[in-house]
Amino acid sequence: MNAQRTPLVAGNWKMHGSLEANAALLAEVVKGAAVFGRGQVAVCVPFPYLAQAQSLLAATPISWGSQNVSQHTHGAYTGEVSCAMLKDFGCRYAIVGHSERRALYSEDDALIAAKTAAALAAGLTPIVCVGESLAERESGVTAEVVRRQLAAVIDVVGASGVAKSVIAYEPVWAIGTGKTASPAQAQEVHALIRAQVAQTDAGVAQGVRILYGGSVKGSNARELFAQSDIDGGLIGGAALVAQDFLAICAAAN
Ligand code: PGA
C-alpha cells in the first residue's frame, strides 16, 4: 500500500446470489463499511442484480459494477450487455478479462483490450484482470504472460486509458483454491506491472491502482496489502460473507 493511492477492495460475486441473500449481505456490508471512504469499497454483481445494488447502495459510500461487458455499443449481439446499459444502472466499475472469462469463454487479449476501451469510452472504470496459470508459473513464464496480457490493453488504450483503469493481478492457481500467492510473490508481479506501465508513463504508473486477487481472506489480507505495490484486492469467495469481506476492507484501510 502506498499513501499516494486510495485503496480499493472490490467484491466479485461471480454467479452467486438471490434477491433475498443479496439484500441481507448488502445490508450488513453497508452497515460495516460506513467507516470507509467513498470509492474504497465496491461489489461487482451478476447483471440481473445491478438494479438491486443500485437501489441499496446509491446512498452509501459503496460503489457497484458488473463482472463483464460487451465491447460493442449496441446491435445484434444476443445475450450481451453494453457499457451504456451498465451506466443506466449507476455502475462505476466493470471487471474485464477475468481468468474465468479467458479460460471458459475463450476471451483473448485482443477482445479484453476492446472491452477495456469500450468501458473507458462509456465512462466506466474497467478492472482489468491479468494473471498466469499454474503451468505457466511452473514453467517460469509468469512475467512474460502478464506482460503480454497487459501490453495488449496498453497498446489499445494508452497511458491515459490506464490512468482511468484499475489493474488486478490474479494468479489463476490462487483463485478459489485457498492457495494464496505469498505477499512476496504477489509484490514481485505487482512491481513488474507498475514498471511496465512506467515504460509508457511514469506518472500514470505511480497513480494506477493494482489489486491482488486469489483466495484473499481476512487472515491474509493485511500482509498482502502491506506490500508497496498492492493497492487493495479483488475478492471472490470471501465477498459473499459480510464479515469476511468487511475484515478485508478493514485490512486495506
Ligand atoms: P477468490 O476469487 O477470492 O474466490 O479466489 C477471486 C476472483 O476470482 O476474483
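This is a predicted model: local features need pLDDT of at least 70, side-chain atom pairs count only at pLDDT 80 or more; totals for chains, interfaces and linings use all residues.
A polar contact here is a pair of N or O atoms within 3.5 Å.

**Around the ligand**

Let's start with who is there. The ligand has 13 residues around it, and the closest are Lys 14, His 98, Glu 170, Gly 176 and Ser 215. Sorted by class, that shell holds 4 nonpolar, 7 polar and 2 charged residues. As for the space the ligand takes up, it is the second largest pocket.

| Residue | Protein atom | Distance to a ligand oxygen |
|---|---|---|
| Lys 14 | polar side-chain atom | 2.7 Å |
| Gly 236 | backbone N or O atom | 2.9 Å |
| Gly 237 | polar backbone atom | 2.8 Å |

How much of the ligand's accessible area does the protein cover? On its own the ligand has 280 Å², and the protein covers 95% of that.

**The residues UniProt calls "active site"**

An unreviewed UniProt entry puts the feature "active site" at His 98 and Glu 170. These two are spread over 73 residues of sequence but cluster in space, with a largest C-alpha distance of 8.3 Å. Both His 98 and Glu 170 also turn up in the lining of the second largest cavity.

**The residues UniProt calls "binding site"**

The "binding site" feature, again from an unreviewed UniProt entry, takes in Asn 12, Trp 13, Lys 14, Gly 176, Ser 215, Gly 236 and Gly 237. Why can these be said to gather at one spot? They span 226 residues in sequence, but no two of their C-alpha atoms are more than 13.8 Å apart, so they do come together in one place. Among them, Asn 12 and Lys 14 belong to the lining of the largest pocket.

Lys 14 is in the one between strand 1 (8-12) and helix 1 (19-33). Gly 176 is in the loop between strand 6 (166-169) and helix 8 (183-200). Ser 215 lies in the loop between strand 7 (209-213) and helix 10 (218-225).

**A word on backbone angles**

Most residues other than glycine have a negative phi. Against that background, which value does Lys 14 have for phi? The phi of Lys 14 is near 55°, a positive value in a residue that isn't glycine. Ser 215 isn't a glycine either, and its phi is positive at about 55°.

Key: Residues are numbered from 1 along each chain as its sequence is written. Side-chain values use heavy atoms; hydrogens and water are left out. A residue is near a molecule or strand if one of its heavy atoms lies within 4 Å of it. A polar contact is a pair of N or O atoms within 3.5 Å; within protein, one must be able to donate a hydrogen and the other to accept it, and residues adjacent in sequence count only if both atoms are side-chain atoms. Accessible areas come from the Shrake-Rupley method with a 1.4 Å probe; for residues, only the protein chains shown count as cover. On a 1 Å grid over the protein atoms alone, a cavity is a set of points where a 1.4 Å probe fits but cannot get out, and a pocket is an open set with protein on both sides within 12 Å along at least five of seven lines; lining residues have an atom within 4 Å of a point. A molecule sits in a cavity or pocket if more than half of its atoms lie within 2 Å of its grid points. Ala, Val, Leu, Ile, Met, Phe, Trp, Tyr, Cys and Pro count as nonpolar, Asp, Glu, Lys and Arg as charged, and the others, Gly among them, as polar. UniProt positions are given in the numbering used here, feature names are shortened, and annotations may be inferred rather than shown by experiment. Helices (H or I, at least four residues) and strands (E, at least two) are DSSP runs, numbered from the N terminus.
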